[in-house]
Amino acid sequence: MGSTTTATGPSLFSAATHYTSGIALIFPARSLPTIKFVGKKLTVACAAPSPPPPQFGRRALVYVATASFLMPFPSLASSTDEISLLQDEIRKVLSKGKAAGLLRLVFHDAGTFDQGDKTGGMNGSIVYELDRPENTGLAKSLKVLEKAKGGVDAVKPVSWADLIAVAGAEAVSVCGGPKIPVRLGRVDATVPDPDGKLPEETLKASAMKQIFQKKGFSTQELVALSGAHTLGSKGFGDPVVFDNSYYKILLEKPWASPGGMFSMVGLPSDRALVEDDECNRWITKYANDQDLFFEDFRNVYTKLVNTGAKWRTI
């Protein structure tokens with residue numbers, strides 16, 4: 001969202017109406033470039049079963065052989081190893097300057113969810129939607145993650161949905177925000193999500209609340225998610241520090257002061273929130289209590305990246 005031409009671009013969770021960019025990188029509608037990457041091989045050493053005592057005889061030998069065959073072979077990586085692998089590869093390509101773009105990927109992938117028809121959600125469909133105006137600039141962020149995906153896939157294939165969800169959490173963490181655990185196992189979509197599902201940046205607070213309610217999010221969750229705008233070049237404090245500056249500056253209303261620069265702070269949808277009594281109560285709470293903001297953001301981020309996701313079965 002937004003009228004600036006910074007690398008972070010539009011809002012994390014809205015459809016841009018007048019954002020422009022010179023980036024011409026567009027991913028194919030159905031496939032992504034083949035990544036050639038040579039990574040470390042992960043091997044699992046399995047101890048051979050000990051032979052049975054002599055007195056067990058042939059029947060025991062048959063039992064041991066059968067038991068060994070039926071015993072599930074260890075997976076290449078436990079869930080803990082898998083998340084560590086993703087985090088390690090993401091950190092190789094992540095910097096504070098790229099954090100806002102990676103977090104925006106999460107919002108624009110997951111933000112298409114519609115509770116009414118159960119479409120959209122955190123499913124990696126963003127790779128097919130880069131030509132949409134609201135996603136201008138996201139090809140650059142996806143290209144950053146493509147490098148991480150090559151490293152992960154060399155060990156164990158990962159869905160775009162899982163990779164993006166973890167990348168957003170790492171972006172928050174590297175900028176000083178809360179650590180957010182992310183469940184893995186999302187299955188990628190094979191087609192784009194329906195168009196027109198992200199809220200416009202010019203909406204009033206009442207319309208924003210209605211749209212988020214249709215996605216299954218309360219007013220409090222809307223305000224907590226909006227706090228992610230503290231990252232990036234929207235005028236809410238240090239652009240690479242995740243804190244509660246967003247709320248403090250909203251309460252100050254700098255855009256109401258004389259001076260052209262102040263008019264660049266925030267987006268119309270940000271400014272609308274502070275004029276709404278219900279939203280303003282939560283803005284004030286978060287401005288006065290960063291720990292509360294961190295806790296609520298952690299919870300609603302988890303909800304966001306799980307909402308609408310399809311999960312693999314073992």
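Colleague: Among contacts in the chain between residues at least 6 apart in sequence, what share joins residues at least 24 apart?

Modeller: In this predicted model, 72% of those contacts join residues at least 24 apart in sequence.

Colleague: Which kinds of elements does the chain have, and in what order do they run from the N terminus?

Modeller: The chain has 11 helices and 0 strands, and from the N terminus on the elements read α-α-α-α-α-α-α-α-α-α-α. As a general point, an α-helix has 3.6 residues a turn, so residues three or four places apart point the same way.

Colleague: Is Cys 175 buried or exposed, and which label does Cys 279 receive?

Modeller: The cut-off for buried is under 20% relative accessible area. Cys 175 is buried because its relative accessible area is 3%, and Cys 279 likewise counts as buried, because its relative accessibility is 0%.

Colleague: How many disulfides does the count come to?

Modeller: A pair of cysteine sulfur atoms has to lie within 2.5 Å to be counted, and by this rule the count comes to 0 disulfides.

Colleague: Where does Asn 288 lie, and is Asn 288 buried or exposed?

Modeller: Asn 288 lies in helix H10, which covers residues 277-288. Exposed means over 50%, so Asn 288, with a relative accessible area of 64%, is exposed. Asn 288 and Tyr 247 are 41 residues apart in sequence, while their C-alpha atoms are 8.7 Å apart in space.

Colleague: What do the totals say about the surface of the chain?

Modeller: The chain exposes about 15,500 Å², of which carbon and sulfur atoms supply 57%, and 50% of its 314 residues count as buried.

Colleague: Where does pLDDT stay under 50?

Modeller: The chain averages a pLDDT of 81, and 73% of the residues score at least 70. However, pLDDT stays under 50 over residues 1-9, for which the model has 34 contacts beyond four places in sequence, and also over residues 17-77, for which the model has 64 such contacts.

Note on methods: Residues numbered from 1 in each chain as written. Predicted model: local features only at pLDDT ≥ 70, side-chain atom pairs only at ≥ 80, totals over all residues. Heavy atoms only, no water. pLDDT = per-residue confidence, 0-100. Contact = heavy atoms within 4.5 Å. Helix = DSSP H or I, 4+ residues; strand = E, 2+ residues; numbered from the N terminus. Buried < 20%, exposed > 50% of the residue type's maximum accessible area, 1.4 Å probe, protein only. Areas by Shrake-Rupley, 256 points an atom, 1.4 Å probe, with all protein chains shown as cover.
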